[in-house]
Amino acid sequence: MISPHSEREARKGERPSFTSPVRAQAPPPTGPPVWDGPPPTGVPPVRPTIPDWARAVIDRVSIRWRLTITYGVLFFVAGMLLLFVIYMMVGWAINEAWPHVSLPDAPALYEQKFQEQWNLARVAAVYEARNALLSRSLMALAGVGILAVIIGYLVADRALKPIQQMTTTARKLSGTTLAHERIDLKGPNDELKELADTFDAMLTRLNVAFDTQRRFVANASHELRTPLTINRTVLEIALGDPEASGDLKALGRTLLEVNARNEQLIEGLLLLARSERELSVRKPVDMKDVAETAVDQLTSRAEEAGVTMTAELRNAATEGDPVLLERCVANLVENAIKHNLPESGRLWVRTGMVEGALVVQVANTGPHVPAYEVNSLFEPFRRLNADRVESARGAGLGLSIVRAVVRAHGGNVTAVPRDGGGLVVTVRLQAR
């Protein structure tokens, strides 16, 4: 498993580590390994109990077969009850219809023996009739039961067809097809028709919400970026004026910093809005190349911050939006640089495959992060210890964008505090 718990020299032929000038070595990450996949190798498997096994088998049976089995079982139970009633009624009918015969002129002893033999014949007739009825009825019940299971499967399939139509429509839905894709179920006004109409109404509301979001992003992109761009241009022209006073230049530089801060905030909000929508671009991507690009872009910033960056990158292919994935890794690296030790900070970036899953892991030294604060760091505008004063450290959207991008690609992101301070953040994506 890729883990920041051990440092290894870059193998020959691989990309060398990105390091700043030599300084005191901080200890490598020693926090608990991040694991969100199947159990690690070497751990003995837990034997399931009989109830767990039965529950697992039942959970694997589709609703169509559950209805078919239920229909067949009910038919067999009803058939057995009917057979039992007929079985009893045959005996009653023979007993009622059995003729009463007597020999009035015969001696009493002979009459008694005759009546005993006659009753034994009645009992034997009832017994033989019931056995014949039972054997033939069971054969008929088995044949009709198989036919009932087949009919039950066809009936269940027909009954579930509207649900299949809803499922097919839901699978085809996306942000671009939401405007014209509807179930439009035809049929009687029963429960399924009501469910389909309710689903169509929900799709209409979702379409309105998607349109509203798209218009907001487009309007925000124009209405918010343009004034800030104009402000930056005016301030840069003013700062370039040789006749400007020192106080005016100091004020201009302050305003430029505020303007840059606002531009960064707006870009983060727009990127977050884009990340939370369905992907419109899906291309083959190697996360090794994505991570290399992000590391190349941020190496100089790490050196300025006094952070030693080590990259251990291996091929990890997936499908997705290359721009969003690059922004995801860059945000993790930027976050690790910003929230690091002021001197002799360390940062590790690793990519690779772990048991068929793609893993990107970024670990860093830094201040201690309480375990109960980790999950809140992925919320928008949330910082460690609820800090909203140090604006130089960002808008509090970096990890929120990371989570949105990872979720849009069908993956998950986890973070754990690192022993000695800092975080270990692991992104797990589906491999191509």
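**Helix 6 and helix 7**

I began with the contact between two helices: Met287, Val290, Ala291, Thr293, Ala294, Gln297, Leu298, Arg301 and Ala302 of helix 6 meet Leu325, Glu326, Val329, Ala330, Val333, Glu334 and Ile337 of helix 7. Contact here means heavy atoms within 4.5 Å. I sorted the residues of this contact and got 11 nonpolar, two polar and three charged. For that sorting, Ala, Val, Leu, Ile, Met, Phe, Trp, Tyr, Cys and Pro count as nonpolar, Asp, Glu, Lys and Arg as charged, and the others, Gly among them, as polar.

Next I looked up the geometry: the axes of helix 6 and helix 7 come within 9 Å and cross at roughly 35°. Axes are lines fitted to C-alpha atoms, for helices over the stretch in contact, and angles run from 0 to 180 degrees between N-to-C directions. The crossing of helix 6 past helix 7 is right-handed. A crossing is right-handed if the near helix is turned clockwise from the far one by less than a right angle, and left-handed if anticlockwise.

**Ground rules**

A note to myself: this is a predicted model, in which local features need pLDDT of at least 70 and side-chain atom pairs count only at pLDDT 80 or more, while totals for chains, interfaces and linings use all residues. Residues are numbered from 1 along each chain as its sequence is written, and side-chain values use heavy atoms, with hydrogens and water left out.

**The chain as a whole**

I find nine helices and seven strands in the chain. Helices (H or I, at least four residues) and strands (E, at least two) are DSSP runs, numbered from the N terminus. Of the 432 residues in the chain, 34% are buried. Buried means under 20% relative accessible area, exposed over 50% and partly exposed in between, with a 1.4 Å probe and protein chains only. Taking contacts between residues at least 6 apart in sequence, I see that 75% join residues at least 24 apart.

**The sheet, and what lies across it**

In what order do the strands of the open sheet run? The five strands are ordered 2-4-5-7-6, with mixed pairing. Strand 2 (307-313) and strand 6 (412-417) are the edge strands, each pairing on one side only. From one strand to the next, the twist averages 10°.

I then looked inside the sheet, where strand 4 (residues 345-354) and strand 5 (residues 357-364) pair in the antiparallel sense over eight bridges. Two strands pair if DSSP finds at least two bridges between them. Valine 349 faces valine 362 of strand 5. Back to helix 6 (residues 287-304): this helix lies across strand 2, strand 4, strand 5 and strand 7 (423-430), and runs at about 170° to strand 2.

**Strand 1 and strand 3**

Strand 1 (residues 283-286) pairs with strand 3 in the antiparallel sense over four bridges. The bridge partner of proline 284 is glutamate 319 in strand 3.

**Helix 9**

Nine of the 11 residues of helix 9 (residues 398-408) are buried, so this helix is largely enclosed by the rest of the structure. Among the buried ones I noted Leu399, Ile401, Arg403 and Val406. Glycine 410 follows helix 9 and has a positive phi, near 75°.

**Helix 2 and helix 3**

The axes of helix 2 (residues 63-97) and helix 3 (residues 108-172) come within 7 Å and cross at roughly 160°. The two helices are therefore roughly antiparallel to each other. Angles over 145 degrees count as roughly antiparallel, under 35 as roughly parallel, 65 to 115 as roughly perpendicular and the rest as oblique. Helix 2 passes helix 3 in a right-handed crossing, and the residues of their contact are 27 nonpolar, nine polar and four charged.

I picked out phenylalanine 76 in helix 2. With a relative accessible area of 32%, phenylalanine 76 is partly exposed. Beyond its neighbours within four places in sequence, phenylalanine 76 is in contact with Leu141 and Gly145.

**Positive phi**

Most residues other than glycine have a negative phi. Where do I find aspartate 184? Aspartate 184 is in the loop between helix 3 and helix 4 (191-239), and its phi is positive, near 50°. Aspartate 184 counts as partly exposed at 46% relative accessibility. Serine 344 also has a positive phi, near 60°, and sits in the loop between helix 7 (322-338) and strand 4.
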